[in-house]
Amino acid sequence: MSDPGLRSFILNALAEDTGSGDHSSLASIAPSVTGRARLLVKEDGVIAGIAVAREVFSITDPSLETEALLKDGDRVKYGDIALTVSGSVHSILRAERLVLNLMQRMSGIATATATYVEKVSGTKARITDTRKTTPGMRALEKEAVRLGGGVNHRMGLYDMIMLKDNHIDYAGGIAAAVNRTREYLVRHSLPLKIEVESRNLDEVREILAVGGVDRIMLDNFDIPSTREAVGLIGGIAETESSGGITLANVRDYALCGVDFISIGALTHHIKSLDMSLKAF
């Protein structure tokens, strides 16, 4: 990888962890000692973050040699070895926790995403993430969603218009918010798509009456209301279900015919995949 943003993130994370020095390693192990370690998968799931881990090792110490035995996005099981690293033991130990923190979290996100994707198989619905991400880690977490078979929603406030309830209320209603947005995009020559959140069927009708919207979010709709909303919209705009959606009901929402189902829990409420880095 050559992403300067990722490099800066890794350097900052290493500096945060190392501080004045890894005194545990400095105190107990001679600086010249070399060795090997392997990253063990201790739980079934989907692996993510191998490429990032190799970058962490490289930035920590360019002389470290890594070998990836799996690919990002692979299904894994307990006992699999994701990668090996060899070289300075001090460098391996300095990188260890950051590698594990990133890979465990990314793999947890990829695994959760894959589970949701499997639940909606055979429908047209696509599982998408939200902006409910860890500050500084959004790009990595959204990459993990993709590796799990999901798709990314907007990356931030800059690459898509999303008029939520607060925008609508502050602007003075749906029509005012949408019309001002369309004028703004023309004035600034911005080719951004417009999504508008609806809280009930009446608001869906308002959005359709105004027009010029690319996607309509159905926020906290129940199943019958979602089905009716999809029928009202009739393909004029993309549809997205959001709010209160779990593994227990995601397929029911998908069967209503929505295009997207956004799951904030993919990135803000996940269980990391268990892994360890062990000398061998």
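**Entry 1: two loop residues**

I began with Ser 189, which lies in the loop between helix H7 (174-187) and E8. I took helices (H or I, at least four residues) and strands (E, at least two) as DSSP runs, numbered from the N terminus. The model is predicted, so I kept local features to pLDDT of at least 70 and side-chain atom pairs to pLDDT 80 or more, while totals for chains, interfaces and linings use all residues. Residues are numbered from 1 along each chain as its sequence is written, and side-chain values use heavy atoms, with hydrogens and water left out.

Ser 189 is not a glycine, yet its phi is positive, about 50 degrees. Is Ser 189 buried or exposed? Its relative accessibility is 63%, so Ser 189 counts as exposed. My classes were buried under 20% relative accessible area, exposed over 50%, and partly exposed in between (1.4 Å probe, protein chains only).

Next I looked up Asn 220, in the loop between E9 and H9. Asn 220 also has a positive phi, near 60 degrees. At 53% relative accessibility, Asn 220 counts as exposed.

**Entry 2: the sheet**

I then traced the open sheet. Its six strands follow the order E6-E11-E10-E9-E8-E7, with parallel pairing. Strands E6 (126-128) and E7 (161-163) are at the edges; each has a single partner strand, so one side of each lacks a neighbour in the sheet. I counted two strands as paired if DSSP finds at least two bridges between them. On average, neighbouring strands here are turned by 25 degrees against each other, direction ignored.

E7 and strand E8 (residues 194-198) run parallel and are joined by three bridges. Met 162 stands opposite Glu 195 in E8.

Which strands does helix H8 touch? Helix H8 (residues 201-210) packs on the sheet against E8 and strand E9 (215-219), and its direction makes about 155 degrees with that of E8. Helix H9 (residues 223-233) packs on the sheet too, touching E9 and strand E10 (238-242), at about 165 degrees to the direction of E9. Contact means heavy atoms within 4.5 Å. Axes are lines fitted to C-alpha atoms, for helices over the stretch in contact; angles run from 0 to 180 degrees between N-to-C directions.

**Entry 3: the whole chain**

The protein chain holds eleven helices and twelve strands. Its C-alpha atoms fill a box of roughly 75 × 40 × 25 Å along the principal axes. Of its 280 residues, 47% count as buried. Among contacts between residues at least 6 apart in sequence, 70% join residues at least 24 apart.
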